[in-house]
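Take a look at it first, and then we'll go through it piece by piece.

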Amino acid sequence: MIGLLGAAASESATGIRLLRQRIRADSRLRRLGFYVSLGLTLLISLLPFYVMLATSLTTDDAIYVDNPTLLPQAVTLEQYTVLFTGETFAFVGYFANSAVVATITATFSLLVGVIGAYSFTRLEFPGNTLIRRGVVVVYMLSAITVVVPLFQLIARLGLVDTRLSLLITYTVSTLPLTLYMLWNYFESIPVAIEEAALLDGYSRVETIFRVVVPLSLPVLVATFLFAFKIAWNEYIFASVFLKSQAKLTLPIGIERMNADFSNVWGQVMAASFLTTLPIVVMFLYLEKYMVEGLTAGAVEG
Amino acid sequence: MSVGTRLASAVGVDGYVETPVQRREALLGLLLILPAVVLIGAVILYPIGYNVYLSFTEVPLNPDRAPEWVGLGNYAELLSSGRFWSALTTTFAFTIGSTILSTVVGLAVAMLFDRQFRGRRLARGLVLLPHVTPIIAVAFVWQFMLSPLWGSIPNLLADWGLYSTRVGLLEQSSTALPVVIVFSTWRNFPFAFLLFVARLQAIPESMYEAARIDGASALAQFTDITLPELKSTIAIVVLLRFIWEFNTFAEVWLLTRQVLTLPIFAYQTAFANFEQGLGAAVSLLLFAVQALFVIGFVALFGEDKV
Amino acid sequence: MRDAPSTPPGDDGSRSTPPGDDGSRSTPPGDDDPAALCGSAVVDGPQPRPVPDGGSSGRPAGGDADSRDGGAVGVVDFAGEVATAGGETVSLRALTKRYDDEVAVDGVSLDVAEGELVVLLGPSGCGKTTTLRMIAGLESVTEGSVAIGDEDVSLRAPQDRDVAMVFQNYALYPHKTVRGNIEFPLAKTDLSREDRRSRIRSTAELLDIADLLDKEPAALSGGQRQRVAIGRAIAREPSVLLMDEPLSNLDAKLRVRTRSELRALQQRLGITTVYVTHDQEEAMSIADRIAIMNDGRIEQVGTPEAVYRDPTSAFIAGFLGDPSMNVLPVDGAVDGDAAPNGGPTPGPADAPGDGMDAGAGEADGSALVAALGADAPDRAARVGIRPEDLSLVDSRGIVGDDPPASAVGPFEVGLTVLEPIGRAYELTLDAGGRQLIARARTVPDELRGRDRLAVAFDRDARYYFDADGGRLR
């Protein structure tokens, strides 16, 4: 995820540079080839999403047929409405759970991340580099490594089937990324601005919250959204820690949906679509901020 | 001496600072990083340590009873288990396949995007969708599409005469693994794509122009200019993807039960069979492999390259 | 805010109070009514001081004023100018900064008087900025001390030193308006909201940025941002003002104009200022005294004239002045491509009328070099002469309105380049294989287009240096 961000970021930030103008110089054939390739790429990338949407808008009768077609035959919103009535599954509840958990996670992660990242960039203390390296290493670990012992610990603490277990776990899952994004950005803020604040009589902590944070708003938003996304999408911890229906988050809820009932594909697709939507919206919004966030820090004085 | 001073000396700050002001700042630095360190320590480092312990025990079903020590019993069981070895090979097959494919596809698409065209930004955003969507959503769509009864793909395949009847690709172990590899590629190529696109853009156009003037073909340009410039990016992509695919769980689990990778083996052992000690042993092995690659990565590239 | 009506010591400009090396000191006028300052509510800086005048009647301003001598007084007028009570002294004692094995600042000692503007001048890496930052508290002190007023502040945090700094790239708060920028430091003082507001207003007016108060830094030009940076620094009336190459980001013309404004402002406010720059022209034009630094040490401190006319080392001699002093080895035998030591000995200046055919030199100009090196004191290894002390000689004699009395020459040299630079000419000469630069205000027509010229020099305007670069007198 870091690489993703970094790559997208650097790409946008250097967007001022001209990309290769090969299209102009190409022959007709090459252009055709390009557009065909591009189209194919997009098709393959997006086909499942199309299917998701189309199926979610199709009536049950039209789904379970012998000859599935690509174009929805009978369009309907019933798959969606069923979700909201909660007859078959508590979709709204799942959605709420996910939203709450993700929001709190992202907020907390941001808070811890801001002070931690500031400390990494501006303050000198023994172990600074070591801890930083440690954070990068931790970022590369996967959930499966810790899920077994973590479950044991959670069970011993009596936190099974609680949102708290998720909050703690997710916060830590997002911390390396949060720290990394923030410290990268803080490093690009000219130190002189903070020194000016110090000379003006402000303590370090005051400087963090009254100078550095206001200056970093776009990046803070981006970091929040990335952390939110991680928490929102997460599957394995939720599946191990949560048991009762009331507590389920969307990924587990949808899985349960599929497992407990047969032939509810329409609703599963609808639920999937609704789960995906916030992330996609967030992501498109993020794109714009990523570019802004990077140039805002370049103010010379 | 004040508490702060004593604390500072305890932590070893003294050799580090020159003045009381610096000492105060060092203490503040430690204080501010403390929450993050405590959280990460408690939720990641401690469990890993605990995992080591657990792997030498058998954990009873009753949470109130303590785990009993079995020494290397779990490991012996694993190493003699056919299932374990089969999971290991499957994991390697899956990982290698997914890594290579997603890197190659990512590179190809990146090269496609390495030019100016209308709608480029939108297209780039769309290409990223497979990677950022919740795994549950995409996994189920694929399941649906591949379902022998209602899915469009088996239908298509049957129509094209590839199979006599509509086949459940995810339901046969012979075809499930390739399908999972394809899915993983689809899901993860955007990661490689982004890293490559950024790197490609940094290659000056003048290098290509010079080559073109010299009459180099497109292929020659690629092998002589592009590839060398991309070497380190390729290495990073491959390494990271390898580490992550080796340990991926949801990508396989949500698609099919026919593919047994080590993470799934660990999960099943721990949570389906309730053999947490054994599960711990498997995760520890996974961790060991992962740690090896991570250390290798950091040693090769340093922490700034992520 | 102060409400006392009174005329300010005002715009008389020239107000050098510091007891410099040469003791030159002009008494500031403004005896007017420092008493007006008593009872001023604002003060978070030093109390107003009596008018200095080496023992003047020093009417103590206000009952609780510390009457210090030599202080500068600022007063308010109806226009509500910012008034400061002047600055504190700054004393550096053996100030040293060490990084692992590198010594950035090596035993720097300096005294800055109240209201004085001292420039730390030197090439990059000489330690001037580090010294400045140690005064500010942004760098820790390895050894030595910094004192402001009478207090040793070496161990104090930057927040507690009552020092303000103008950074090279201004370091304005980008997310605040100009008003916000100036207000930020004021929020940490004891000023009431009212006082803050009027302080902001008067500072803005003083710096001519009043119409920019609601803009953000991104919308301002470089020069405007710089004013805001200065405003932010002086608004709270710090004891000491530090400036770290504040003009280097401005274009040349703006730089020249701004520096004189800066100087006027500083004098009017009487704030003790330490100013860092690598631009010797800038230093010469604004400083009360210059401290030239090289390699972490102060080489010489003195008024601009003093260091220019009487440098203590070859480094300083070469650093000041543009174009720099010509420095040649004595005897010509030191470096290799030397003029032969033989050759007709140059005598005292012939009657100026002799002009070109005096034949007093070798055609390759080596006579000039030899002449320059003649009469050198014993240990002299090098001799220097400033470009402006090399005069052209035409058929009528030495060119110029004011030919030096002790001129020696003429000597023939080659002319490589003749560059008009507006108000003067720079001539690149070739004397016996050595390149010399001469500066002349006019170049007579008969000398144009030639590739050989005759020059003379003022024998008393030479500087001698020993092998280590020390100045010999």
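## A strand with two neighbours

Let's start in chain C, where C:R382 has C:F465 of strand 19 as its bridge partner. That bridge belongs to the antiparallel pairing of strand 12 (residues 380-385) of chain C with strand 19 of chain C, which runs over five bridges. Two strands count as paired here if DSSP finds at least two bridges between them. Helices (H or I, at least four residues) and strands (E, at least two) are DSSP runs, numbered from the N terminus.

Strand 19 of chain C also pairs with strand 20 (residues 471-472) of chain C, again in the antiparallel sense, over two bridges. Here C:Y464 has C:L472 of strand 20 as its bridge partner. The hairpin of strand 19 and strand 20 of chain C has four residues between the strands, and C:G469 takes a positive phi near 95 degrees there. So how enclosed is strand 19 (residues 462-466) of chain C? Four of its five residues are buried, so strand 19 of chain C is largely enclosed by the rest of the structure. Buried means that 20 or more other C-beta atoms, placed from the backbone, lie within 10 Å of a residue's own.

## How to read the model

This is a predicted model, where local features need pLDDT of at least 70 and side-chain atom pairs count only at pLDDT 80 or more, while totals for chains, interfaces and linings use all residues. Residues are numbered from 1 along each chain as its sequence is written, and chains are lettered from A and ligands numbered from 1 in the order in which they are written.

## The six-stranded sheet

Chain C also has an open sheet of six strands, in the order 14-13-18-15-16-17, with antiparallel pairing. Its edges are strand 14 (397-398) and strand 17 (434-440) of chain C, each pairing on one side only. Helix 9 (residues 366-373) of chain C packs on this sheet, touching strands 15, 16, 17 and 18 of chain C.

Within the sheet, strand 15 (residues 407-420) and strand 18 (residues 452-458) of chain C pair over six bridges.

Chain A comes to 15 helices and zero strands. Of its 301 residues, 50% count as buried.

Where chain B meets chain A, 80 residues of chain B and 89 residues of chain A take part. Residues are in contact if their C-beta atoms, placed from the backbone, lie within 7 Å. Helix 2 (residues 20-55) of chain B gives the largest share of chain B's side, 19 residues.

Chain C touches chain A too, with 21 residues of chain C against 17 residues of chain A. On chain C's side, the largest share is three residues, from strand 6 of chain C.

## Two crossing helices in chain B

Finally, look at helix 4 (residues 82-113) and helix 8 (residues 173-201) of chain B, whose axes come within 6 Å and cross at roughly 40 degrees. Axes are lines fitted to C-alpha atoms, for helices over the stretch in contact, and angles run from 0 to 180 degrees between N-to-C directions. Helix 4 and helix 8 of chain B are therefore oblique to each other. Oblique covers whatever is left once angles under 35 degrees (roughly parallel), over 145 (roughly antiparallel) and 65 to 115 (roughly perpendicular) are set aside.

Conventions: Two residues are in contact if their C-beta atoms, placed from the backbone, lie within 7 Å. A residue is buried if 20 or more other C-beta atoms lie within 10 Å of its own, exposed if 12 or fewer, and partly exposed in between; C-beta atoms are placed from the backbone.
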